[in-house]
Amino acid sequence: MPSLTTEAEQFEKIRTKVFVNSEAAVRELGSAIGAFIRQRQAENRRAVLGLATGSTPVRLYQELIRLHRDGLSFQNVITFNLDEYYGLPPDHPESYRHFMEVQLFRHIDLPPAQAHVPNGLIERNQVFEYCANYEAQIAEAGGIDIQIVGIGRTGHIGFNEPGSSLDSRTRLVALDRLTRRDAARDFRGEANVPAYALTMGIGTILEARQIRLLAWGESKALVLRSAIEGPETTAVPASFLQRHSDCRCYLDHAAGSELTRFRTPWKVGPVKWDPGLTRKAVTWLAETREKPVLRLRDEDYTENALASLLVETGSAYSLNIRIFNELQHTITGWPGGKPNADDTNRPVPAEPPFKRVIILSPEPLDAEIGMAGTIHRLVNQQHEVTLAYLTSGNLSVPDSEARMAFSLLNELGVSKPDSLAHLDQLAAETNRKAPFDEDSRELRQFKGLIRRAEARASCQILGLALDRVRFLDLPFYQRGRYRQFRWGSEDVKSVVNLMCSLEPHQVYVTGVGADPSSVPGIAYQLVSAALENCGKEPWFPNCQFWVYASNERPWPPHEIDMAIPLSPAELAIKLDCLYHHRSQRSQTPFTETQAGEGWQQAEQINRATARQYDLLGLAEYEAVESFRAQKGGRNR
Ligand code: F6R
């Protein structure tokens, strides 16, 4: 186990650094890798890098490419990739070989013969020998100096799924259900995701001299806590990294948020109590003691490392009341403000009584999942609501949905809608291409129309007039594919134009804490850039910015600044709205215990949030949608 650096990190069994964002993390790691390669060049030696694929290392590779453009040569570098999907040819758009070519290899001067990625097409009866040979090649190169790894939500490293043993070697493995589900978008449906992969083993990975694990986004936070702070277990293969003498984790804030030092910092040392941390501590205590806030006693605090909080506030009694009131004040049935009411303790001002509201949805369905009930209320309470879909979401429409639409249009005798190639040709394309081949531009456009139709139908259920539904079709999405999007000034301009034309009093966004290369993550970055550009606009200081939740996890009450309760009838409307995004249903059921469909998850999350409020001693609602105030404009 590495020597512990600070008291705050005492629970962490892998040395971990948490950065403000992934940019900062990859800059530090990129520069360390660059320095290592240069040092080896000076010694006339080779540098052997172990590489990973997936969303996580994309930014690191961009940083290495930047360093190369600034003069770093990779001539003395040898690389070995962790894994490859079994059955995919190297030029398949989703193969890891192809990924590496596009993301790194073709942009640097690494000699092609020095780049190794397992061959996914190796005959079944030769797999054993091939894998042994892959290991022999690593040994021949002198072993891996620096191994980059990401982590899957199952806790896998490489494709070593739960159950993989500590001494496992390079081999053929079956992919876990959750892993295949996470890859479903890349392959246009889970059914198309290969079932097997070749992967280095845990034993192979642990032989690297240095291991650097990268992770971004809140979806990784829980599994990282298990891997970094939990026991070593085959149930979380990444936990085996604890036994490596030079393993480090590079995390962004969202990925590190479940570590003890952030989740319950009072357990690891003295803390400076501010209002946010106090609320977090009291709600945590109530949950831990399974008591409503108003029933917490002094001894509950003192027995749970929270004595210092009592010293600052006097007694449990006054603190409990203060936090109870704070929580109470987050709840409102008036997301646009309650006209003519005293708004001193309300999250939204009463004035103006009728507000202009913009809701930004990264893809169709995101806003509906996060806030359909709230949209319904805003519309009913007469606010001028505009729902803007930033992207068409056409990449996630399976061919089968397109075929259904072709069949309908054929029945109607529609053969040439404007700006689309002949329908028969598009239909033929869906029949001809392999399910995971890329769609032509026209087919993508057609699939985008399907999502528009679904979005309109779902908006109508919420009472939104169709002329208030905007499809921005931002160029970054139209040009790109999942994990490979690059956004730019045109995208930002489009959002700025929307804002400036509507001069909103409220803007709702999502994607804080999302993987930065995901569509919500990118949407959040570019909306933030757009808001910065709007800072001098006259409407800006009077505008409130709210972040709505995704399906990732229920937000704990201390993170919620506005809670909109849904009645049973409103929840039913929300679900009805969500069902209309039928192209987004998964093709196969998930597990018995975990609901797989987006609408089932949304329902579970909204119900779970209501339950949390109830357990804290607040009113008992059917479901609750949650929002965080974003700094800027009216929120200071
Ligand atoms: C990829 C690999 C996997 C990924 C992991 C995280 O070569 O070995 O273990 O690192 O699945 O994937 P992303 O980065 O896409 O979240």
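What distance separates the centres of domain 2 and domain 3, taken over C-alpha atoms? In this predicted model, the two centres lie 37 Å apart. The domain assignment of the protein chain places domain 2 at residues 264-330 and domain 3 at residues 356-629, with domain 1 spanning residues 15-251.

The size of an interface is often expressed as the accessible area lost when the parts come together. Between domain 2 and domain 3, about 1000 Å² is buried, and 59% of this area falls on carbon and sulfur atoms. Of the area that domain 2 buries against domain 3, 44% is supplied by R279, L327 and T330, more than by any other three residues. In terms of contacts, 12 residues of domain 2 meet 11 residues of domain 3. Zero salt bridges are counted between domain 2 and domain 3, whereas four residue pairs, both members at pLDDT 80 or more, are in polar contact.

On the side of domain 2 that touches domain 3, the elements giving two or more residues are α10 (275-289) and α13 (316-330). The most is given by α10, with five residues. By class, the residues of this side of domain 2 comprise five nonpolar, three polar and four charged.

The surroundings of the ligand were considered next. The ligand is surrounded by 15 residues, of which T56, D83, H156, G158 and R483 are the closest. The corresponding value for R483 is 2.5 Å, and a polar side-chain atom of K220 is placed 2.7 Å from an oxygen atom of the ligand.

Most residues other than glycine have a negative phi, and most peptide bonds are trans. The peptide bond from E351 to P352 is instead cis, with omega near -15°. N340, a residue other than glycine, has a positive phi, near 60°.

Conventions
Residues are numbered from 1 along each chain as its sequence is written. This is a predicted model: local features need pLDDT of at least 70, side-chain atom pairs count only at pLDDT 80 or more; totals for chains, interfaces and linings use all residues. Side-chain values use heavy atoms; hydrogens and water are left out. Domain bounds come from an automatic or database domain assignment. Contact means heavy atoms within 4.5 Å. Buried area is the accessible area (1.4 Å probe) that two parts lose on being put together, summed over both. A salt bridge is a side-chain nitrogen of Lys or Arg within 4 Å of a carboxyl oxygen of Asp or Glu. A polar contact is a pair of N or O atoms within 3.5 Å; within protein, one must be able to donate a hydrogen and the other to accept it, and residues adjacent in sequence count only if both atoms are side-chain atoms. Helices (H or I, at least four residues) and strands (E, at least two) are DSSP runs, numbered from the N terminus. Ala, Val, Leu, Ile, Met, Phe, Trp, Tyr, Cys and Pro count as nonpolar, Asp, Glu, Lys and Arg as charged, and the others, Gly among them, as polar. A residue is near a molecule or strand if one of its heavy atoms lies within 4 Å of it.
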